[in-house]
Amino acid sequence: MQPLGRRTVLAALLAPTVAAGGPAARAFAAPVPAPTAAGPDAAALRAALAGLPGTDATAALVRVGGFDGRWRGSAGVHDLVHRRAADPDAVFRAGSTTKVVTAATVLRLAAEGRVDPHAPIQRYLPHLLTPEFEPISVRQMLNHTSGIQPGDGWGDGFEDQYAHRFDTLTPARVVASAVAKGPGFRPGRRQEYLNINYTILGMLIEKVTERSYAHEATRLVLRPAGMRHTYFPGTDPRIHGPHNRGYQLVKRPDGTTRYVDVTDWNQSDRWAAGDMISTTADLERLITALFRGRIVPEPQLREMFTLPPGIDGATYSAGLQRFTYDDTVYWLKSGARYGYSTAVAATRDLGRTLVYSVNSTDAKGTSMNPVAERIAMAALRR
């Protein structure tokens, strides 16, 4: 994989430009080390958070760590009504960083001999797929080479989805809609990142353990990692605990824009693929414990740092994504739900780590969010 340029770095992580105003960025919690060539660039990180709230984001929380020091910062506002400073310890919708937890849970079960990554998913869920599907291994589900097509949601646009934000769309219904479409390609021939793979892995976890996904993910991953403020909301549309409000910037028919509060939202259709609620501190604990082998033992941990062979352009492993920046390899996972964009990234040796949560006003957009980009560029520069 080629090193990424400035406009493409973390393109998978980030999502529209900018008005200034509101509380200034602030550092907190940990001392900033003396500037060195390799340490976190405190000035660049403070600059990355300047100008919030703006039209790209209303708040941002950042944690940078590694061998050469730490940096913590927050900026923006808790909400656009009262405009008090953003809570630096807030919980937020972590989106697809949930997949890191799901992959780790499956690999823990593999280490216990309860799941075989080489075995077809049909062995564990024999009635889920139709006969037209070839055998699809658990590993192919983990690394997005299954060939299963995406499931249906409430619609493609924000308006359709917003109208159903308090309705429940079950994972079983999502999977049924995907299966009805038939295979998209033969297993192992291509890599296509899709939530459906991890929705089915959630079903696998429940089948082999005879307990809920939330119970097993908490038992096998959250508790060992010390993630005390992370949970799975199920059909509850609320975020429990201190949190910063999320907004979507929506264009009116006359061309003007308005902020729509999207904080309360039933995320049940995302489930094991993306419904987790967490904090930056907990996500830092997750990536640290995971990379140190405290969650998933060897050799199963190698699955998280191994790309599927023979597939051009493959960047996804089991639960993570590989990219190279300034000749340094990082392993990351991003997540986006309306109002919230999140990412975790680290070198394999944890020499540099990054966790951020940006209250993006277009978190599901296709373009790179400028605030998240500035954070990434400042944090990963070594």
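Analyst: The lining of the second largest pocket divides into six nonpolar, six polar and two charged residues (Ala, Val, Leu, Ile, Met, Phe, Trp, Tyr, Cys and Pro count as nonpolar, Asp, Glu, Lys and Arg as charged, and the others, Gly among them, as polar). The model is predicted, with local features needing pLDDT of at least 70 and side-chain atom pairs pLDDT 80 or more, while totals for chains, interfaces and linings use all residues. Residues are numbered from 1 along each chain as its sequence is written, and side-chain values use heavy atoms, without hydrogens or water.

This pocket has 14 lining residues, and Arg139, Asn143, Leu307, Pro308 and Pro309 are the ones nearest its centre; its volume is about 200 Å³. On a 1 Å grid over the protein atoms alone, a pocket is an open set of points with protein on both sides within 12 Å along at least five of seven lines, a cavity is a set where a 1.4 Å probe fits but cannot get out, and lining residues have an atom within 4 Å of a point. Points are joined across faces, edges and corners, and the volume is the space filled by probe spheres set on them.

The largest cavity, at about 30 Å³, is lined by His144, Thr145, Ser146, Gly147 and Ile148, together with Phe185, Glu192, Leu194 and Asn197. By class, its lining has three nonpolar residues, five polar and one charged.

His144, one of these lining residues, belongs to the loop between helix H4 (138-142) and helix H5 (158-163), where helices are DSSP runs of H or I with at least four residues, strands are runs of E with at least two, and both are numbered from the N terminus. The phi of His144 is near 65°, a positive value although the residue is not glycine. Most residues other than glycine have a negative phi, and most peptide bonds are trans.

The bond from Leu52 to Pro53 is cis, with omega near 5°, and Pro53 sits in the loop between helix H1 (42-48) and strand E2 (57-66). Glu298 and Pro299 are also joined by a cis bond, with omega about 0°, and Pro299 lies in the loop that runs between helix H10 (280-291) and strand E8 (321-325).

As for the setting of these sites, the chain has eleven helices and eleven strands, and its C-alpha atoms fill a box of roughly 60 × 50 × 35 Å along the principal axes.
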